[in-house]
Amino acid sequence: MPHRFLVVCAGLLLFATISLGQADQAANAEKQQQQQPPGDPQKNAPKKENAGDTLAALLGGPKLDKEAVERGRKIFVPTCGFCHGNDAHGKTGPDLVRSAVVLHDNKGDSIGPVIRNGRPERGMPAFASFTNEQIEDISTFLHSLAQDVSNRFAYKIGDLITGDPTKGAAFFNGDGHCNNCHQPAGDLAHVATKYEPVELQRRMMYPAPNVIDMFLGRPTAPPVPSKVTVKLPSGEQVSGTLIHVDEFTVSLHDASGGYRSFSRDKTTVEVQDPRAQHEALLPLYTDEEMHNVLAYLETLK
């Protein structure tokens, strides 16, 4: 019983946290929109969202000084990159990202002596002139690389926009039939400003609400409900918002909001799922068409 009570309390606390987060973010978004002066729509466009950055901060270990990381990179690449690789994953010298010395280092206390004294027996020269601050910056840079490897949410996908936006627009308005539901000046206005390319592609392929967004307490619009039409043996047709459908029964809310349920025996059921077209395109997309459409969506700033 005490264990169940703790589980229930934890669930209620998580739900309250998510709800408060959604309410706070929605209020902040509305306040910012009210404060923004009219004019350039680009300035009024929503800020890009990146769930990976937030999860990286939550799960990726201690927060590192970005300026120190960049200073360390500028020292490491020209000095050490020729041997250890610019990404420190090894070249003629060993991989430092997975090095036990680096992983146990704290602000240069472990790698400092190695840098200053070198390892002549392994062909590593000494860099005795490096200051404590420079060594600490190198340490921070190496730890940032180790965090990126250990935290999958910090992984950055590059070179995603490789398609032809003109061909993407042609597919959007042609064979893809995307313009039947979406309008560049309507629901897709500023979509490229709001989302990073990898997130934009995910939403293009799988438009259902993202569980990561829900976990982070970000405001998420509920999925558009499916519509259904049930044709009865008598010829009567009943339409409404779908509640549930399986091989035996179908249930819905009709136009008056009333609950209706029917056996599927001798009835015809037609479901209009707004996500069905996205799902239908998944096995039909070529890689070229998928990247072309993404390149087109990236023009909607």
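Guide: In this predicted model, buried residues make up 31% of the 301 residues in the chain. The secondary structure comes to 13 helices and five strands.

Visitor: What makes Ala88 buried or exposed?

Guide: The relative accessible area of Ala88 is 0%, and buried means under 20%, so Ala88 is called buried. Ala88 sits in the loop between helix 4 (66–84) and helix 5 (100–103), and its phi is positive, about 65°, although Ala88 is not a glycine.

Visitor: And why is Lys107 called exposed?

Guide: Here the relative accessible area is 59%, and the word exposed is kept for values over 50%, so Lys107 is called exposed.

Visitor: Why is Gln277 called partly exposed?

Guide: Gln277, which is found in helix 12 (residues 276–281), has a relative accessible area of 34%. Buried would need a value under 20% and exposed a value over 50%, so Gln277, at 34%, is called partly exposed. A polar atom of the Gln277 side chain lies 3.5 Å from the backbone oxygen of Gly176. The C-alpha atoms of Gln277 and Cys181 are separated by 9.5 Å, although these residues are 96 residues apart along the chain.

Visitor: How do you know whether Glu199 is buried or exposed?

Guide: Glu199 has a relative accessible area of 13%, and the limit for buried is under 20%, so Glu199 is buried. Glu199 is part of helix 10.

Visitor: What makes the pair of Glu199 and Arg202 a polar contact?

Guide: The side chains of Glu199 and Arg202 come to 3.1 Å in this contact. A polar contact asks for a pair of N or O atoms within 3.5 Å, one able to donate a hydrogen and the other to accept it, and the pair of Glu199 and Arg202 is therefore counted as one.

Visitor: What makes a group of residues a nonpolar core?

Guide: The largest nonpolar core here has 19 residues, of which Met204, Tyr285 and Leu297 touch the most other members. Helix 8 (165–173), helix 10 (197–205) and helix 13 (287–297) each supply at least two residues of this core, and helix 13 gives the most, with five residues. Apart from this core lies another, of 17 residues, including Leu96, Val102, Ile138 and Leu145.

Visitor: With which residues is Met204 in contact, leaving aside its neighbours within four places in sequence?

Guide: With those neighbours set aside, Met204 is in contact with His278, Tyr285, Met290, Val293, Leu294 and Leu297. Among the buried residues of helix 13 are Met290, Val293, Leu294 and Leu297, and what covers the buried residues of this helix includes helix 8, helix 9 (191–194) and helix 10.

Visitor: What makes strand 1 and strand 5 a pair?

Guide: Two strands pair if there are at least two bridges between them, and five bridges join strand 1 (residues 227–231) to strand 5, so these strands are counted as a pair. They run antiparallel, and Thr229 stands opposite Glu270 in strand 5. Strand 3 (residues 249–254) is likewise joined to strand 4 by five bridges, again antiparallel, with Ser263 in strand 4 as the bridge partner of Thr249. Four residues lie between strand 3 and strand 4 in their hairpin, and Gly257 in the turn has a positive phi of about 90°.

Visitor: Why are strand 4 and strand 5 said to stand at the edges?

Guide: The five strands form an open sheet in the order 4-3-2-1-5, with antiparallel pairing. Strand 4 (259–263) and strand 5 (268–272) each have a single partner strand, so one side of each is left without a neighbour in the sheet. Neighbouring strands of this sheet are turned by 40° against each other on average, direction ignored.

Key. Residues are numbered from 1 along each chain as its sequence is written. This is a predicted model: local features need pLDDT of at least 70, side-chain atom pairs count only at pLDDT 80 or more; totals for chains, interfaces and linings use all residues. Side-chain values use heavy atoms; hydrogens and water are left out. A nonpolar core is a set of buried Ala, Val, Leu, Ile, Met, Phe, Trp, Tyr and Cys residues joined through side-chain atoms within 4.5 Å. Buried means under 20% relative accessible area, exposed over 50%, partly exposed in between (1.4 Å probe, protein chains only). Contact means heavy atoms within 4.5 Å. Axes are lines fitted to C-alpha atoms, for helices over the stretch in contact, and angles run from 0 to 180 degrees between N-to-C directions.
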